[in-house]
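Visitor: Could you walk me through some charged pairs here?
Guide: Gladly, let's take a look together.

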Amino acid sequence: MTSSTLPPNGKVDQLRRALLVSSGLSALALQFPLVGCSQEAPTTPPAPVSRTPLPRSATMGTFTTKDGTEIYYKDWGTGPVVTFSHGWPLSSDSWEAQMFFMASNGYRAIAHDRRGHGRSAQPSEGNDMDTYADDLAQLLDHLDVKDATMIGFSTGGGEVARYIGRHGTKRLKKAVLVSAIPPLMLKTEGNPLGTPIEVFDGLRKAFLANRSQFFIDIPSGPFYGFNRPGAKPVQGLIDFWWLQGMMGGYKGTYECIKVFSETDLTEDLKKFDIPTLIVHGDADQVVPIAAAARQSTKLIKDNKLLVYEGAPHGLTDTHRDRLNADLLAFIRS
C-alpha cells in the first residue's frame, strides 16, 4: 500500500468522523468514557531470552477441511506448541510479533487464516463459530498437535472458547484469551453490559457502503485507541490492518460481524478445565472489559486476569513487548 492510496491525514480524520456517525463506531466511542492514552509505542521485539537457533526453517502450508475448504497456516519453530487464533477481519499475520518471539524462544508457533479471511478459501457457507472451531480442530488433528497452549485474540478468543466447548482440551494444556469477545458482546436482557445491536447494524451499513474506507477508519480510531486525546496514530499499523482486512473475502468478513457480536459463549467458558490467562485493556473501546474479560473470570474455573491500564483493543501491537513477556511467563509457569 503506497502513500497515494490514502488521503492526507487531515482528510482521513474528516472521513473517519463522518463514518463514525453513520457506522455506529461513534456509539462504541461514546458508550465508554475516555481515559488517558498510555499506549506503548510499537517497538522491535525484545532480544529473545533463549538464543538457541531454530533447527527448522519457518514453514507454511495449507490443508483441506472435510467440507472442502482450503485453510492456510504458518508453522514456525520447534518445541512445545503455541497456537494463535486471529481477530476480525485480520489474518495470522496479525500475530507475527508473537509468533516470531515464541519461535525464537524455543516454541513451535502455529497460526491459521480463518476461512473467509487472509489467504484461506472464501466459501459461501460455514461462516459461523461452530465451523471456525471445527476448522481449528481439524488443523490440530492434521498437525497432530499435543499439549498446546491455545491463544485467541478478539474473535479468535471466541474461536478458542467454542473449540474447547465442542472438542474439549485433550490436545491442550493451557489457554489464553486476549481482548477476547466471550462471553457475549451483544446487549440482551440477560447481558445488560453488552453493546446494543444498533452498533453492529452500523458496522454492517458502513461495510456495505465502502469496505475499503471502513477498514481504514477502524484502525485509525477505536481499534488502536488513536481517537483518544494525546494518541499519535501510527500509519504503518493502520495500513497493515487495512491490508489484512482487504485480503479477506467480502461475504465471509461481512457475515463474521454477526458471528463475533451475537455468538453466546457462556456455556463454552464453563467447560474450560485448564489454566487460562485472560489479558484485556481497560481502555478497550471495541470489546469493553466490563462485558468481556471481567465476566469471563466468573465462568472459567482456573483463570488469571491481567488488566493493561490504558490499553486499547489492539494491544497485541501497542503493548507487544509486555504481552510477549506475559505470554512467555504464563506458558513456562
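**Salt bridges and burial**

Guide: The side chains of Arg322 and Asp326 meet in a salt bridge, 3.9 Å from N to O. A salt bridge here is a side-chain nitrogen of Lys or Arg within 4 Å of a carboxyl oxygen of Asp or Glu. This is a predicted model, where local features need pLDDT of at least 70, side-chain atom pairs count only at pLDDT 80 or more, and totals for chains, interfaces and linings use all residues. Residues are numbered from 1 along each chain as its sequence is written, and side-chain values use heavy atoms, with hydrogens and water left out.

Visitor: Which helix holds both Arg322 and Asp326?
Guide: Helices are DSSP runs of H or I with at least four residues, strands are E runs of at least two, and both are numbered from the N terminus. The two residues sit four apart, about one turn, and both lie in helix 13 (residues 320-332).

Visitor: Is Asp75, the partner of Arg108, buried or exposed?
Guide: Arg108 and Asp75 form a salt bridge with their closest N and O atoms 2.7 Å apart. This pair links distant parts of the chain, Arg108 in strand 4 (residues 108-112) and Asp75 in strand 2 (residues 70-76). Buried means under 20% relative accessible area, exposed over 50%, and partly exposed in between (1.4 Å probe, protein chains only). At 5% relative accessibility, Asp75 counts as buried.

Visitor: How many salt bridges does the count come to?
Guide: Some are joined up: Asp130, Asp134, Arg162, Arg166 and Asp268 are linked in a network. By the rule above, the count of salt bridges comes to 20.
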